[in-house]
Amino acid sequence: MTILVESFAGYRQVTLNRPERLNALTVEMAAALSAALDEAAADDNCRAVLLTGAGRGFCAGQDLTAIVDATPTDLGRLLDHYHPLILKLRALPMPVVCAVNGVAAGAGANLALACDIVLAARSASFVEAFARIALIPDCGGTWFLPRLVGTARARALAMLAEPLPAATAAEWGLIWQAVEDDRLMAEAQALAARLASQATAALALMKRALDAAATNPLDRQLDLERDLQAEAGASPDHREGVRAFLDKRPPAFTGRPR
Ligand code: T3D
């Protein structure tokens, strides 16, 4: 099984599972990951996803043994398998936590950056490895990098393809936090469980607003915030949040939009 899925209270943990190749991606693996995300989205009891990798790496990007004799057309078609996955992660109507347990290289680095909150083990690193094999960052790399760390750092990361240690990635704003290796999974699971108890529908609207902000001018973004806020405000969780505040008790959110 190239992907392992485990269900916990409120969330699913999805593990990339080709440890002997540092979880390098194949088309089959992308399909399995895509199906796992669809199943999470269809499950009313699943309110967050935690993505991680088995073994000592998170994901080494495209499995290079599979493209050694590929034509340019084959390479383009490969991305037809991977790029919808990036969009699916961004649009998933619940938060996606990524626990980067080891090296995240090439498409593997950008797969992590597509997630909502990225934690990384202190020993992990991010390598935009594409330049080493005369490719450009794909799977959203050219979109995520400048937005997360600014163009100067984005260009150097892409062109030099040097490993960026997790602590520097956190310092630069590429990821949320670097944590001690032996704490990574406990912290990531606690985060996924915490998010799963929050107002899921509002978090899903938040994802939409934040992604749209990358390209919207302020006036259009304000219009979008107004429209999405109307949706959020119509949810039972909004009413519950306000009531809980006034009652001085923790809210009991359902996660549902209505
Ligand atoms: O254009 C398109 O459509 C194609 C899509 C492209 C998207 C991409 O992701 S392109 C970028 C592809 N990825 C890379 O170029 C990274 C290649 N890997 C590495 O540079 C290094 O392995 C790492 C920096 C990630 C880690 O280095 P290290 O020293 O910790 O591990 P290692 O010894 O290199 O790797 C361990 C094993 O995994 C090794 O196998 P072995 O010798 O034990 O049998 C290695 O060959 C294998 N492995 C690592 N990465 C890949 C891989 N096998 C296949 N494909 C890989 N990407």
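1. A salt bridge here is a side-chain nitrogen of Lys or Arg within 4 Å of a carboxyl oxygen of Asp or Glu. By that criterion D223, R226 and D227 form a linked network of salt bridges. D227 is partly exposed, its relative accessible area being 42%; the classes are buried under 20%, exposed over 50% and partly exposed in between, with a 1.4 Å probe and protein chains only.

2. On provenance: the model is predicted, local features need pLDDT of at least 70, side-chain atom pairs count only at pLDDT 80 or more, and totals for chains, interfaces and linings use all residues. Residues are numbered from 1 along each chain as its sequence is written, and side-chain values use heavy atoms, with hydrogens and water left out.

3. The search of the whole structure returns 11 salt bridges. One of them joins the side chains of R122 and E180, at 2.8 Å from N to O. This pair links distant parts of the chain, 58 residues apart: R122 sits in the loop between β7 (117-121) and β8 (125-127), and E180 in the loop between β10 (177-179) and α7 (184-196). Helices (H or I, at least four residues) and strands (E, at least two) are DSSP runs, numbered from the N terminus. Both partners are partly exposed, R122 with a relative accessible area of 40% and E180 with 42%.

4. R249 and E240 form another salt bridge, with the closest N and O atoms 2.7 Å apart. The two ends fall in separate accessibility classes: R249 is partly exposed at 32%, whereas E240 is buried at 11%.

5. What surrounds the ligand? The shell has 23 residues, and the closest are A60, Q62, L64, L75 and A107; a residue is taken as near when one of its heavy atoms lies within 4 Å of the molecule. The shell divides into 14 nonpolar, three polar and six charged residues. For this count, Ala, Val, Leu, Ile, Met, Phe, Trp, Tyr, Cys and Pro are nonpolar, Asp, Glu, Lys and Arg are charged, and the others, Gly among them, are polar. α2 (72-91) and β6 (103-105) each supply at least two shell residues, and α2 gives the most, with three.

6. A ligand nitrogen is 2.9 Å from a polar backbone atom of A60, and a ligand nitrogen is 2.8 Å from a polar backbone atom of Q62. At L75, a backbone N or O atom lies 2.6 Å from a ligand oxygen. The protein covers 67% of the 1,000 Å² of accessible area that the ligand has on its own; areas come from the Shrake-Rupley method with a 1.4 Å probe, and for residues only the protein chains shown count as cover.

7. L64, one of the closest residues to the ligand, also belongs to a nonpolar surface patch of about 250 Å² made with I133 and L135. Patches take residues with over 30% relative accessible area and no salt bridge, joining like charges within 9 Å and nonpolar side chains (Val, Leu, Ile, Met, Phe, Trp, Tyr) within 5 Å. L64 lies in the loop between β4 (57-59) and α2 and is partly exposed at 46% relative accessibility.

8. A30 is in helix α1 (residues 27-42) and is buried, with a relative accessible area of 3%. A30 and C46 are 16 residues apart in sequence and 21 Å apart in space, C-alpha to C-alpha.

Terms used: A polar contact is a pair of N or O atoms within 3.5 Å; within protein, one must be able to donate a hydrogen and the other to accept it, and residues adjacent in sequence count only if both atoms are side-chain atoms.
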